[in-house]
Amino acid sequence: LSLGCAALLAPEKMPFKRYVEIGRVALINYGPEFGKLVVITDVIDQNRALVDFPEQERRVVNFKRLALTDFKVDIKRHAPKKDLKKALAEADVLAKFKASSWGQKLAKQVAKSEMTDFDRFKAAVAKAKKSRAVRKVFNNLKKSAK
Amino acid sequence: MVMQGNFKFHQYQVVGRHLPTAADANPTVYRMKVWAEDDVKAKSKFWYFLRKLRRVKKANGQIISVNEIFERKPTLAKNYGVWVRYQSRTGVHNMYKEYRDVTLNGAVAQMYQEMASRHRVRPASIQIIKTANVEYHSCKRANTKQFHNEKIQFPITHKLSRPSKPEFRTLFKANRPNVAMF
């Protein structure tokens, strides 16, 4: 089915960086499974993928619910759980995702939502202390600039 | 089963025969695979079709069993071929349609949706002649064949920006949605 336009549609020429492909790691961003990382193990049609992850059932998810990440593991189409686990461990996807800016942002959101009132008090005190220190230096600079 | 989903049409196996008579103590037993919303409608459909094929009707027949048929491998993407006979505004036609799905129930649901949207045919006017799990090399439609690629790769070109829960929806937004995926 290789037509002339196939060369024009090559990934190198496209502005897109993240592709739907077998092994692509994605985050579910809507629905009851919000926040779960999954791996695309097969593409059913243009709207749905078969998705899998260790400790999760293999299931169908619509692409509208998936946010593709930068990470991809090397698995065959419809890989068994054993191979999936091995590939994920080899690529160390979970750790890399947590270290990425996206993962860090998510972790911060989780930490903030789990804050107690005492934590919020401590944060407010620390913020006030920091801004006091900054203002002190700023005022000194302002005075010496006059 | 989590995987099966919520389908309107279910597949039933209905087995029935003519009532035994003095002339024929052991009538031939017929089995039909029928698509219906529930087992009551499945039995009704069974008699409807069997009446057209054999000299037996509900009044002089008996249903031996009705069983729902479930998907064997609901986590495997398959190609389904559906042969359909439908009544349009001007006549009766046959069609062959192909669908990529994970369950046969899902593929049949897609068929009913597509027939309604593309041809304005309501479910009552559709008869499913045959359904089959079609081998990859026997698929006829380019739309199904394009997914028969071990190294399938395509971008999602349009980012869907929506709150993660309906309760987070707001009437007004500070910024226009950013739909870029790159």
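In this predicted model, the largest pocket is lined by 44 residues, and those nearest its centre are Leu27(A), Asn29(A), Leu66(A), Ala67(A) and Trp102(A). The space in this pocket amounts to about 1,400 Å³. Both chains contribute to the lining: β2 (24–28), β6 (66–72), α2 (93–99) and α3 (101–113) of chain A, together with β7 (153–155) of chain B, each supply at least two residues. Helix α3(A) gives the most, with 9 residues. By class, the lining of the largest pocket comprises 22 nonpolar, 14 polar and 8 charged residues.

The second largest pocket holds about 1,000 Å³ of space. Of the 41 residues that line the second largest pocket, Gln11(B), Lys33(B), Val34(B), Trp35(B) and Ile128(B) lie nearest its centre. The elements of chain B that give two or more residues to this lining are β1 (10–18), β2 (29–36), α1 (39–53), β3 (61–69), β4 (78–87), α2 (104–119) and β6 (126–134). The largest share, 8 residues, comes from β6(B). The lining of the second largest pocket divides into 21 nonpolar, 8 polar and 12 charged residues.

Attention now turns to charged pairs. Side chains of opposite charge can pair when their charged atoms come close.

| Salt bridge | Closest N and O atoms |
|---|---|
| Asp119(A) with Lys122(A) | 3.6 Å |
| Lys41(B) with Glu37(B) | 3.9 Å |
| Glu71(B) with Lys78(B) | 3.5 Å |

Asp119(A) and Lys122(A) both belong to helix α4 (residues 117–145) of chain A, where they stand 3 residues apart, about one turn of the helix. Asp119(A) is partly exposed, at 26% relative accessibility, and Lys122(A) is likewise partly exposed, at 43%.

A network of salt bridges links Asp42(A), Arg77(A) and Glu150(B).

The surface also carries a nonpolar patch, formed by Phe118(A), Phe121(A) and Val125(A), with about 330 Å² of accessible area together. Val125(A) is placed in helix α4 of chain A, the helix that holds Asp119(A) and Lys122(A). With a relative accessibility of 42%, Val125(A) counts as partly exposed.

Conventions
Residues are numbered from 1 along each chain as its sequence is written. Chains are lettered from A and ligands numbered from 1 in the order in which they are written. This is a predicted model: local features need pLDDT of at least 70, side-chain atom pairs count only at pLDDT 80 or more; totals for chains, interfaces and linings use all residues. Side-chain values use heavy atoms; hydrogens and water are left out. A salt bridge is a side-chain nitrogen of Lys or Arg within 4 Å of a carboxyl oxygen of Asp or Glu. Helices (H or I, at least four residues) and strands (E, at least two) are DSSP runs, numbered from the N terminus. Buried means under 20% relative accessible area, exposed over 50%, partly exposed in between (1.4 Å probe, protein chains only). Patches are made of residues with over 30% relative accessible area and no salt bridge: like charges are joined within 9 Å, nonpolar side chains (Val, Leu, Ile, Met, Phe, Trp, Tyr) within 5 Å. Accessible areas come from the Shrake-Rupley method with a 1.4 Å probe; for residues, only the protein chains shown count as cover. On a 1 Å grid over the protein atoms alone, a cavity is a set of points where a 1.4 Å probe fits but cannot get out, and a pocket is an open set with protein on both sides within 12 Å along at least five of seven lines; lining residues have an atom within 4 Å of a point. Grid points are joined across faces, edges and corners, and a volume is the space filled by probe spheres set on the points. Ala, Val, Leu, Ile, Met, Phe, Trp, Tyr, Cys and Pro count as nonpolar, Asp, Glu, Lys and Arg as charged, and the others, Gly among them, as polar.
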